[in-house]
Amino acid sequence: MSATLLFRRFLADPMKIAYVVPSSRGMVKRILERMDFERARVFVEFGGGEGCYTRQIARRMAPEAKLLVFELDPHLAEHLRRQFRDDPRILIYQSDAALFRDELHKLGLKHADYVISGIPFSYIEPAAKKVILHSVHDGLSREGMFIVYQVSMELKGHARMFPGCEVEYFLANIPPMFILAFHKSEITLRKKPRRAKKPLKAEAVA
Ligand SMILES: C[S@@+](CC[C@H](N)C(=O)[O-])C[C@H]1O[C@@H](n2cnc3c(N)ncnc32)[C@H](O)[C@@H]1O
């Protein structure tokens, strides 16, 4: 049901939704392996879609943690709201991800520990892209990370405010995707990812 909803919304607005099927279980797992659920208290998701990441983050996050999910599409946002209506830790915003810091501040929160994004950055104008990237950088905690899954690595060229990025090409997804993990600080960049099975390339942002 969820997957067909994403497909129908793709047909209605292909430039916003970008992909026809939700991220694979393997990719969701791979991305979540990068996150420290014991430490983190504030999670933000850009482009929740039908909720494949949201459900798994909700399963792992601490009882006192919060997850703010930004989903522009009204049908998908409503679908997310219905799924998480009984979980007060999860807040769904039918709103542009670019506004996430306003919502954090309204909750009295200064920083997010992780921002994870599936929004199609390639379709966003370079100037708007920079605004979002600066806002994510400023909105992350010192050990925070911005994790992006995309079909291309083009975002890396715009993200010079981050000291570096780990890049992985993940094949077991339709379509295969780059996972880009931008670190707020060089200290966490030098630490090994928690349970990476394949060697990862840590590089300075070009
Ligand atoms: C490729 S889908 C990813 C859905 C889901 N996370 C997954 O991996 O299957 C991208 C989602 O981002 C949403 N989106 C696109 N631009 C957005 C924006 N500026 N702010 C919030 N959501 C956005 C779309 O409506 C769509 O649901």
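Is E71 buried or exposed? In this predicted model, E71 counts as buried because 27 other C-beta atoms lie within 10 Å, and the cut-off for being buried is 20 or more. As for its place in the chain, E71 sits in the loop that links β2 to α5. Leaving aside residues up to four places away in sequence, E71 touches G47, G48, G49, L76, A77, L80, I92 and Q94. There's also A97, which is 26 residues away along the chain, yet the C-alpha atoms of E71 and A97 are separated by 7.3 Å.

Now for the ligand. Around the ligand there are 22 residues, and P22, S23, G47, G49 and G118 come nearest. Sorted by type, the shell holds 13 nonpolar, 5 polar and 4 charged residues. Two helices, α2 (14-17) and α4 (52-60), each supply at least two residues of the shell.

In soluble globular proteins, nonpolar side chains tend to be buried together. Here the largest nonpolar core has 47 residues, and the members touching the most others are F43, V69, Y114, V115, F146, I147 and F182. Strand β5 (residues 140-150) gives the most to this core, namely 6 residues. Take I147: not counting residues up to four places away in sequence, I147 touches I31, R34, Y114, I116, I179 and A181.

Conventions. Residues numbered from 1 in each chain as written. Predicted model: local features only at pLDDT ≥ 70, side-chain atom pairs only at ≥ 80, totals over all residues. Near = placed C-beta within 6 Å. Helix = DSSP H or I, 4+ residues; strand = E, 2+ residues; numbered from the N terminus. Nonpolar A, V, L, I, M, F, W, Y, C, P; charged D, E, K, R; others polar. Core = buried A, V, L, I, M, F, W, Y, C linked by C-beta atoms within 7 Å. Buried ≥ 20, exposed ≤ 12 C-beta atoms within 10 Å, placed from the backbone. Contact = placed C-beta atoms within 7 Å.
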